[in-house]
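Have a look at the sequence and the model, then read on.

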Amino acid sequence: MRRHPAVREAVVVGRARGRKLTAYVKLITPAAVRLADLLVDLRRELPAHMVPSIVIRVDRMPLTARGKLDRTALSQLSATTRW
């Protein structure tokens, strides 16, 4: 996902229960790309099981006090913010 020219940052997290992948994406500009276009590009590059089933657009990646990705905060975003 990070190779796409409109994507600034991306994190993909696997969910154990449903075996689904959730992608969190920060775009360079919010109107830079449509979700459908991004998924088409991913499907060309990746096997089907590696394409995220949920994509969530974020304004910024949540970080811990030590500057690392806060995965707990990411999981809370999934319930409120979908593309």
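Predicted model: local features only at pLDDT ≥ 70, side-chain atom pairs only at ≥ 80, totals over all residues.

Residues are numbered from 1 along each chain as its sequence is written, and side-chain values use heavy atoms, with hydrogens and water left out.

**Layout**

Let's start with the big picture. The protein chain has two helices and three strands, and reading from the N terminus the elements go β-β-α-β-α. Here helices (H or I, at least four residues) and strands (E, at least two) are DSSP runs, numbered from the N terminus. Of the 83 residues in the protein chain, 34% are buried. Buried means under 20% relative accessible area, exposed means over 50%, and partly exposed is in between (1.4 Å probe, protein chains only).

**The sheet**

The three strands make an open sheet in the order E1-E2-E3, with mixed pairing; two strands pair if DSSP finds at least two bridges between them. Strand E1 (7-15) and strand E3 (54-57) sit at the edges, each pairing on one side only. From one strand to the next, the twist averages 20 degrees (axes are lines fitted to C-alpha atoms, for helices over the stretch in contact, and angles run from 0 to 180 degrees between N-to-C directions). Strand E2 (residues 20-27) and E3 run parallel, joined by four bridges. To spot the pairing by eye, find Ala23: its bridge partner in E3 is Val55.

**Salt bridges**

How many salt bridges does a search of the whole structure find? It turns up three, a salt bridge being a side-chain nitrogen of Lys or Arg within 4 Å of a carboxyl oxygen of Asp or Glu.

| Salt bridge | Closest N and O atoms |
|---|---|
| Lys26 and Glu9 | 3.7 Å |
| Asp37 and Arg34 | 3.2 Å |

Lys26 counts as buried at 18% relative accessibility, while Glu9 is partly exposed at 30%.

Next comes the pair of Asp37 and Arg34. Asp37 is partly exposed, with a relative accessible area of 34%, and Arg34 counts as exposed at 54%.

Asp41 and Arg44 are three residues apart in helix H1 (residues 35-45), so about one helical turn separates them. Asp41 is partly exposed at 24% relative accessibility, whereas Arg44 is exposed at 62%.

**The largest pocket**

Rolling a probe the size of a water molecule over the atoms shows where empty space is left. On a 1 Å grid over the protein atoms alone, a pocket is an open set of points where a 1.4 Å probe fits, with protein on both sides within 12 Å along at least five of seven lines, and lining residues have an atom within 4 Å of a point.

The largest pocket has a volume of about 430 Å³, a volume being the space filled by probe spheres set on the points, with grid points joined across faces, edges and corners. Its lining has 15 residues, and Met1, Arg2, Arg3, Leu42 and Leu46 lie nearest the centre. Both E1 and H1 supply at least two lining residues, and H1 gives the largest share, five residues.

By type, the lining divides into nine nonpolar, one polar and five charged residues. Ala, Val, Leu, Ile, Met, Phe, Trp, Tyr, Cys and Pro count as nonpolar, Asp, Glu, Lys and Arg as charged, and the others, Gly among them, as polar.
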